[in-house]
Amino acid sequence: MAADLHSQPGPAPDLALRHRLGLLASHLVVALVALVGIGGATRVMEAGLACPDWPLCYGRLLPGRQMNLQVFLEWFHRLDAFVVGVALLVLTGASILWRRRLPAWLPWIAGAALLLVAVQGGLGALTVTQLLAAPLVTVHLTTALVLVALTSALYQRIAMAGRGLVVPPLWWGLLASTALVLVLAQCLLGGSMASQWAADQCFSSGEGCRWLLAHRQVAMPAALAVLALAASTPLLPAGLGQLPALALGSAALVVAQVALGVLTLRLQLEAPLVTIAHQLTAALLVGLLAAVVARCLGRRSARSLLTSEVPSEVVHG
């Protein structure tokens with residue numbers, strides 16, 4: 001009788017549907033990280049105004065005659081953003097249409113991501129029409145990174161729903177959240193610095209160096225927080241699934257990011273590929289840390305879902 005009460009409290013989420021939506025969410029994360037990387041390449045190659053109009057490029061969907069490297073970067077950046085928007089629209093629509101077969105939070109989170117991508121599109125248009133105004137460029141990048149974090153967390157919550165996983169200690173979840181906030185702050189400073197070309201001015205004329213200094217100062221606590229997160233994984237209980245691996249991966253990205261930052265400064269921004277890799281690694285790091293935080297926040301929910309899908313003697317025995 002007790003087993004029946006635990007196994008039939010309501011409709012169980014459809015595993016096949018959840019798997020398909022999880023696959024779509026994982027592709028969204030990849031597309032958004034690529035979008036940040038392409039955006040970095042567009043800025044470094046000074047291609048932000050290569051397409052003078054919006055949303056078309058020279059009044060066409062495909063500007064064949066005007067196509068060169070700069071035009072291609074800006075055009076492909078917009079194409080990737082369009083694909084992300086369509087994918088999020090599909091994800092949101094599916095989560096609303098089949099909401100009775102899915103976790104209750106999914107339509108809300110997917111809808112928030114869709115709203116955010118609409119804001120991002122508007123910011124992209126303003127960035128072009130306002131001729132790359134520094135505040136707009138910074139907000140545009142920040143919104144993209146928040147989208148990376150949100151979709152990464154969304155994917156993790158879909159992937160872990162229905163699995164019985166151990167709850168990590170509260171202090172570790174707080175450390176992960178702190179690391180994510182610090183990394184996002186570091187990215188915001190980096191975006192402000194890049195949008196004003198502060199590093200270039202610092203190297204050429206000695207102006208704007210305060211932005212470069214602030215970026216380097218925040219880098220230290222952000223890196224230490226991520227490294228502390230990884231170093232503390234041996235203190236965690238067993239049964240955490242991929243969580244320790246995600247933390248260790250974040251630490252590896254931090255080491256790579258610091259090395260790329262140092263190399264970028266030593267080369268005085270003369271190596272575009274290094275600068276682009278620096279921004280791309282930052283996006284990857286945000287996505288990985290958001291995955292860690294999502295798994296920390298979702299543990300108890302995942303465990304309760306397990307008890308609703310599996311007879312109680314299996315869960316407790």
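Select Pro 55 to begin. Pro 55 sits in the loop between α2 (15-44) and α3. The peptide bond running from Trp 54 to Pro 55 is cis, and its omega is near 10°. Keep in mind that this is a predicted model.

Stay in that loop and pick Glu 46. The loop between α2 and α3 holds Glu 46 too. Is Glu 46 buried or exposed? Its relative accessible area is 61%, over the 50% cut-off, so Glu 46 is exposed.

Look for Leu 132 in the loop between α4 (106-129) and α5 (134-160). Leu 132 is not a glycine, yet its phi is positive at about 60°. With a relative accessible area of 33%, Leu 132 is partly exposed.

Now for the aromatic rings. How many aromatic pairs does a search of the whole structure find? The search finds two. Select Phe 72 and Trp 75 for one of them. Their ring centres lie 6.1 Å apart with the planes at 40°, so this pair is tilted. Both residues belong to helix α3 (residues 69-97). They are three residues apart there, which means about one helical turn separates them. Phe 72 has 36% relative accessibility and counts as partly exposed.

Phe 72 and Phe 76 make a stacked pair, 5.6 Å from centre to centre and with 15° between the planes. Phe 72 and Phe 76 are four residues apart in helix α3, so the gap is again about one helical turn. Phe 76 is partly exposed, at 32% relative accessible area. Show the three residues together: Phe 72, Trp 75 and Phe 76 form one aromatic cluster.

Last stop: two helices. Select α8 (residues 209-231) and α9 (residues 243-266). They pack at an angle of about 155°, and their axes are 8 Å apart. That angle is over 145, so α8 is roughly antiparallel to α9. The crossing of α8 past α9 is left-handed.

Show side chains at the contact. On α8, the contact residues include Leu 212, Arg 216, Ala 223 and Val 226. On α9, Ala 247, Leu 248, Ser 250 and Val 254 are among them. Colour the contact by class. The contact of α8 with α9 has 12 nonpolar residues, one polar and one charged.

Note on methods:
Residues numbered from 1 in each chain as written. Predicted model: local features only at pLDDT ≥ 70, side-chain atom pairs only at ≥ 80, totals over all residues. Heavy atoms only, no water. Axes fitted to C-alpha atoms, helices over the stretch in contact; angles between N-to-C directions. Parallel < 35°, antiparallel > 145°, perpendicular 65-115°, else oblique. Left-handed = near helix turned anticlockwise from the far one by under 90°. Contact = heavy atoms within 4.5 Å. Nonpolar A, V, L, I, M, F, W, Y, C, P; charged D, E, K, R; others polar. Phe/Tyr/Trp six-rings, centres within 6.5 Å; stacked < 30°, edge-to-face > 60°. Buried < 20%, exposed > 50% of the residue type's maximum accessible area, 1.4 Å probe, protein only.
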